[in-house]
Amino acid sequence: MSGILEKIKSPSDIKELDENELNALAGEIRGFLIDSVSKTGGHLASNLGVVELTLALHKVFDTPDDKIIWDVGHQTYVHKILTGRRDSFDSLRQTDGLSGFPKRAESEYDIYDTGHSSTSISAAYGMATARDIKGENHEVIAVIGDGSMTGGPAFEAINAVGQSGRKVIIVLNDNGMSISKNIGGLSEHLGKLRTSTKYKDAKEKLKETLDKMPVVGRGIRRALGDTKARIKYALINEGVLFEELGLIYLGPVDGHDIEDLISVLELAKRVDGPVIVHAITKKGKGYEPAEKHPDRFHGIGVFDVGTGKSLSSNKATYSDLFGDALYEIAKENETVTAISAAMTDATGLGIMKDRLKGRVFDVGIAEANAVIMAAGQAISGLHPVVAIYSSFLQRAYDEMIEDVCMQNLPVTFAVDRAGFVGADGETHHGIFDISYFLTMPNMTVLTPCDGIQLKEMLAYAVKLNTPTAIRYPRGAAIAESLTGNEFTGKNILVKKGTNVAILAVGTMLKPALEAAEILKNKNISTGVVNIGIFGNDKIDIPGISGTPLIVTLEDNIESGGFGEHFKAKNPNRDIISIAWPNKFIEQGNARDIFKRYDMDAEGIAKSIMDHISNEEK
């Protein structure tokens, strides 16, 4: 049967479909996803892996009355298709288009805004307590991946749910992947559950034998409850990790068998108390390139469907340059290590991991653990480089302060995806890091303006004996030197001017130079300074002593940023600050969004001309 997908406008439309129709629908959804995401980019592999699981969830539960919370949320494309948003998929992750993550403002079926991992069980527990206090009667379901289970909040929430005894259904989507391959003891435990049949076979044989015994058999089964528990421990400890925390464990179940999924979810509904359903799925299911390379298809740009090859730019990214440079440094300096949180390849550490065995550490989705581990290495004579995306590093704010900065330890933070990141939107923009770094005593902040300066700054940072953060953006690196000068630990005067001085932080140097040319044509002499180092009171800025107007320019929110910090240090100067407004910035094409907020060259020049015009009145 074909053409089913076109008839699906809401979850109610799949309630009457039989197993064959659901399987046919799953195939249509996969085809639609591959075709659609090939044109917009997005998180493809994770969504291909949850097609049957999402269908089963919406078949069994009555959404939006029953509440489904999706951990991280990058696996919700199928959910969006089933909840009336299929016709909007050409706008996925585009400016003013459909979000790549759950958004309550977008649909009543999106129960909780997510984007970072390990939060869904806590949110579900909060909703379950509210349901019980208000005397309501609906299910609360948290869908969480095995990668997210390495995050501390997930275990804290499971502990709370198990102790409370409240009805929460946790669906563990176990595909063995987060972005990099999952690591650690939990991953190994789940791997054993995926492959073990000993307990399942023994349990079924025992049940069949007792059921054949007249009358007394059922009584013996009840009496042997404790014995079965001991069998469980003795054989493979199946589900014990969860059951010891107070949850009923159901699984493992084939996450691509719709009939089995529906059966186990129906059983979970009947359980009186917290329950975890363990579903085994395959990331990239149904599309061979994504099955072979699930990490590359985790978040991908536009690509050719036939070959799976990317159609995006092949230029070296800042992450690539960072990884290559760190490997060269570590090859010569045996004290240098690298630590990441489930993103070794995504942050460029793959080459060092492959060639310098035992020097790269992936702690899983556990940013706080990564930072504390780095402190332990640093205090023991190593120089760890912690490579984590800016928005994810926020999760380790306390550890950066307490464990690294307070002890003034030589840890370098490689802050990838700093600033505006584009299509991933509010939860992933790295526009808060300058503000939070500037609250940290002993922290030096380095902001490269191009790929060459990134390499120079990394070499500089690992020679320091204090905490350092290097923030650099997502995407293709600027290959040429924008300053014409080597970075030696000082800010660089790139262009002299007499009327205005633009203090351009990091990669904002390029639009600053372009704005200076626009202003030159308006007879406004504009100087430009490359702000590459600050924090810890390092704001030695050349070429501004006699300049009437100072303009600070940064890819960070205004509140607490470089501009606000500079103004506080120079209360008697005429200063305007150009930065992101104090709000959550929407997703979109960088050119569109920078223009919208007057952060491009034309907008910068206009803001300066308007200020000068107002001053002259």
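Two strands count as paired if DSSP finds at least two bridges between them. The model is a predicted one, so what follows describes computed geometry.

Strand 13 (residues 500-505) runs parallel to strand 14, and six bridges join the two. Strand 12 (residues 492-495) also pairs with strand 14, here in the antiparallel sense and over three bridges. Within that pairing, Leu-493 finds its bridge partner in Val-529 of strand 14. In general, the strands of a sheet pair through backbone hydrogen bonds, and they can do this either parallel or antiparallel. There is a helix in the picture too: strand 13, helix 21 (residues 509-520) and strand 14 together make a right-handed β-α-β unit.

How many of the six residues of strand 14 are buried? The count is six of the six for residues 526-531, so the strand is largely enclosed by the rest of the structure. Both of its faces are covered. On one side sit Thr-526, Val-528 and Asn-530, on the other Gly-527, Val-529 and Ile-531, and all of them are buried.

Next comes an open sheet of seven strands, with mixed pairing and the order 7-6-8-9-11-10-15. Its edges are strand 7 (360-362) and strand 15 (533-534), each of which pairs on one side only. Further in, strand 9 (residues 412-416) and strand 11 (residues 468-471) run parallel and are joined by four bridges. Val-415 stands opposite Arg-471 of strand 11 there.

Pro-441 belongs to the loop that links helix 19 (433-437) to strand 10 (444-446). With a relative accessible area of 57%, Pro-441 is exposed, because anything over 50% counts as such. Asn-536 is 95 residues away from Pro-441 along the chain, yet the C-alpha atoms of the two are separated by 6.1 Å.

Lys-59, found in helix 3 (residues 51-60), is a charged residue of another kind of setting: Lys-59 is buried yet has no salt bridge. Which side chain of opposite charge is nearest to Lys-59? That is Glu-16, 6.4 Å away, while a salt bridge calls for a side-chain nitrogen within 4 Å of a carboxyl oxygen. The side chain of Lys-59 does have a polar atom 2.8 Å from the backbone oxygen of Leu-17. Leaving aside residues up to four places away in sequence, Lys-59 touches Ile-14, Lys-15, Glu-16, Leu-17, Leu-22 and Ile-262.

How values were computed: Residues numbered from 1 in each chain as written. Predicted model: local features only at pLDDT ≥ 70, side-chain atom pairs only at ≥ 80, totals over all residues. Heavy atoms only, no water. Buried < 20%, exposed > 50% of the residue type's maximum accessible area, 1.4 Å probe, protein only. Right-handed = clockwise from strand over helix to strand, strands pointing away. Lys, Arg positive; Asp, Glu negative; His and termini not counted. Polar contact = N/O pair within 3.5 Å; in protein donor to acceptor, adjacent residues only side chain to side chain. Contact = heavy atoms within 4.5 Å.
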